[in-house]
Amino acid sequence: MAFPERFLEELVARNEITDVVKTYVNLSKRSGSNLFGLCPFHSEKTPSFSVSPDKQIYHCFGCGKGGGVISFIMEIENLSFPDAVHFLARRVNLEVPDDESDRQLRGRRERLLSLNREAARFFYDNLSRPQCRAVADYIAGRGISPASAKTFGLGAAPDSWSALCDEMQRRGYTKTELFDAGLAGKSSKTGNIYDFFRNRLMFPLIDVRGNVIGFSGRRITNDEKERKFVHTKETMLFNKSRFLFGLNLAKKTKLGRIILVEGNVDVITLRQAGFDNAVASLGTSLTEEQARLISNYTREVVIAYDSDKAGVAAAERAIDHLERLGVAIKVLKVPGNKDPDEYIRYNGAGAFAALLSGTGNHIEYRLSLIGDKYDLTNDQEKVAYLREVSEMLATVPSPVAREIYGNRVAELLKITPEGMQTEIKRALSRRSRERKRQLERETRPANIVQPKIRAMRYDSPVSAAAEEGVIRLLLGDPSLLRETGDLKKEDFTSEFLGKAYEYIKKRHEAHKPVSIAAMSADFTADEVSHLTLMMHKPASIAGAEKAMRDYIGVIRTEQLKKTEDLLEISRKYREIKGMEDKDV
């Protein structure tokens with residue numbers, strides 16, 4: 001995106017990275033000049049997310065993400081580079097210069113948002129039409145009131161292959177726009193488009209800004225051959241792993257916590273019953289991105305997944321993600337393997353409120369799940385229970401909680417508290433040894449230099465380590481290009497590092513600044529993250545010229561070795577070929 005250089009410089013200068021990051025991350029630790037907090041991009045218990053005010057970069061030593069202030073907003077808000085620039089510009093009341101390609105991209109996004117809004121209106125209006133009576137009856141049968149249907153914008157997709165496409169094209173939208181919005185499918189044989197959603201109850205998927213970014217369609221028949229739910233494919237507007245149904249409404253709750261459920265209808269039923277704090281993960285296990293999204297709005301979550309086997313497994317994964325973000329977790333066990341929607345419809349809102357008041361925390365929930373697996377009157381099973389409980393309690397970060405719940409288990413098993421704590425300590429030691437072995441594997445010389453992204457892996461680690469050194473020095477001081485001599489892009493064994501070298505060289509020759517923030521426009525998020533990691537490695541400013549010459553010496557030496565290896569292979573080939581010719 002061709003934003004003017006001076007504009008980007010001013011944008012980055014006005015959006016000091018620490019100020020921006022602090023609106024999303026609690027930076028509570030300091031190490032030297034760097035600030036640390038829990039990473040917003042992955043679940044963790046120990047802060048490994050670093051922000052450098054001096055270098056105006058961030059980097060997570062856990063997941064590897066990193067970059068400047070623009071790439072941070074791109075990642076955390078799920079925005080493109082141009083949208084992130086506009087986001088930051090609005091933050092500091094900075095006018096964005098007009099750019100034709102930028103206008104086109106924003107125009108395309110606005111067109112798709114407009115198309116989704118009109119599609120949502122089309123589906124909603126269908127509820128009153130005779131051809132969609134079956135969907136209206138289904139909504140009434142599920143106990144959803146007309147007021148709730150309006151609040152959530154529920155609608156009906158007719159049992160037709162082209163009703164929506166025909167109507168939207170009549171309103172001026174193109175076939176390409178319908179396909180790009182995920183509202184239409186395309187025939188592989190003819191190339192013709194067709195309605196993606198047919199004969200379904202439609203749920204508009206509305207983000208926290210109030211935009212309709214996609215749809216979720218539920219079947220209304222008992223035909224098991226059809227998927228129960230279909231969702232909009234991933235588009236420039238919609239990413240399923242970063243969306244929670246109902247969060248646009250639940251974020252306004254005064255109840256102080258969020259209820260996490262599986263289904264869209266659960267959210268609606270709970271809201272009708274007075275619980276305006278429910279969200280759903282579209283029937284899938286909670287992702288790290290969704291957990292982070294929840295943690296932006298609350299510090300307490302009640303997990304109210306279905307009580308079947310799949311729901312229990314999903315709850316375990318959700319607990320893991322949320323616990324690492326420091327969110328207080330409770331787990332609701334709905335009696336009779338019912339989901340919240342069914343329980344409320346048969347027992348009422350008061351009964352559900354009573355269930356909530358008796359909700360146990362996630363440790364008690366996990367203990368009960370483990371207890372259900374064993375016969376504690378059998379000594380052998382009692383020992384197996386003790387080992388599994390010890391392993392589970394070893395994952396609990398609080399020593400006080402480990403002691404309290406360990407003593408409770410000891411009382412249940414009629415063993416001494418000291419014996420129970422010994423088992424927990426053994427489990428903790430096993431986990432510590434495994435973490436140490438993992439760290440050793442990750443820090444072996446052959447692995448240290450390798451990027452985490454497989455597509456960026458280095459074929460020649462020794463040369464790549466020196467190539468990284470060249471780039472690291474140039475990012476700190478582009479004037480060191482004077483020491484690179486005749487070094488060219490083609491001399492780099494890594495295509496990615498060669499690209500970075502060429503980028504820095506061209507910008508320096510054009511008297512343009514070189515920064516991680518500016519590179520976000522021309523490099524992928526993974527590439528920017530690795531460049532940021534490289535900048536975190538120690539580099540001596542005082543000996544920069546000598547270091548540059550040394551790095552280039554390594555690159556040249558490795559080139560020579562490769563040439564000699566190729567010559568040796570060629571020589572041996574000729575020898576073998578000569579012997580074969582003599583035999584003939």
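Predicted model: local features only at pLDDT ≥ 70, side-chain atom pairs only at ≥ 80, totals over all residues.

Modeller: On a 1 Å grid over the protein atoms alone, a cavity is a set of points where a 1.4 Å probe fits but cannot get out, and lining residues have an atom within 4 Å of a point. Residues are numbered from 1 along each chain as its sequence is written, and side-chain values use heavy atoms, with hydrogens and water left out.

Colleague: Which residues line the largest cavity?

Modeller: Thr151, Phe152, Pro204, Leu205, Ile206, Phe245, Gly246, Asn248 and Leu249. Strand β9 (200-206) and helix α10 (247-250) are the elements that each give two or more residues to that lining, and β9 has the largest share, with three. Helices (H or I, at least four residues) and strands (E, at least two) are DSSP runs, numbered from the N terminus.

Colleague: And which residues line the second largest cavity?

Modeller: Phe152, Gly246, Leu249, Val267, Arg271, Phe275, Asp276, Asn277 and Ala278. By class, that lining has five nonpolar, two polar and two charged residues, whereas the lining of the largest cavity has six nonpolar, three polar and no charged. Here Ala, Val, Leu, Ile, Met, Phe, Trp, Tyr, Cys and Pro count as nonpolar, Asp, Glu, Lys and Arg as charged, and the others, Gly among them, as polar.

Colleague: New topic: which residues have the most contacts inside the largest nonpolar core?

Modeller: Leu154, Leu183, Phe215, Phe245, Ile259 and Phe352, in a core of 62 residues. Helix α5 (residues 100-126) contributes the most to this core, seven residues. There is also a second, separate core of 33 residues, with Tyr458, Ala518, Met519 and Met548 among them. A core is a set of buried Ala, Val, Leu, Ile, Met, Phe, Trp, Tyr and Cys residues joined through side-chain atoms within 4.5 Å. Buried means under 20% relative accessible area, exposed over 50%, partly exposed in between (1.4 Å probe, protein chains only).

Colleague: What does Phe352 touch?

Modeller: Leaving out residues up to four places away in sequence, Phe352 touches Ile259, Leu270, Phe275, Leu332, Pro340, Tyr343 and Ile344. Contact means heavy atoms within 4.5 Å.

Colleague: Over to the N terminus. Which residues are buried in helix α1?

Modeller: In α1 (residues 5-14), Phe7, Leu8 and Leu11 are buried. Down the axis of α1 they fall within an arc of 95°, so they line one face of the helix. The arc is that of the directions from the helix axis to the C-beta atoms. These buried residues pack against α3 (69-76) and α4, and the face turned away carries the exposed Arg6 and Ala13.

Colleague: Since α4 came up, is Asp83 buried or exposed?

Modeller: Asp83, which sits in α4, counts as buried at 14% relative accessibility. With residues up to four places away in sequence left out, Asp83 touches Arg106 and Arg109.

Colleague: Last one: where is Asn93, the residue with positive phi?

Modeller: Asn93 lies in the loop between α4 (81-91) and α5, with phi near 55°. Asn93 is exposed, at 72% relative accessible area. Gln56, in the loop between β3 (49-52) and β4 (57-60), has a positive phi of about 55° too, although it is not a glycine. At 23% relative accessibility, Gln56 is partly exposed.

Technical notes:
1 Å grid on protein atoms, 1.4 Å probe; cavity = no way out; pocket = protein on both sides within 12 Å on 5 of 7 lines; lining within 4 Å.
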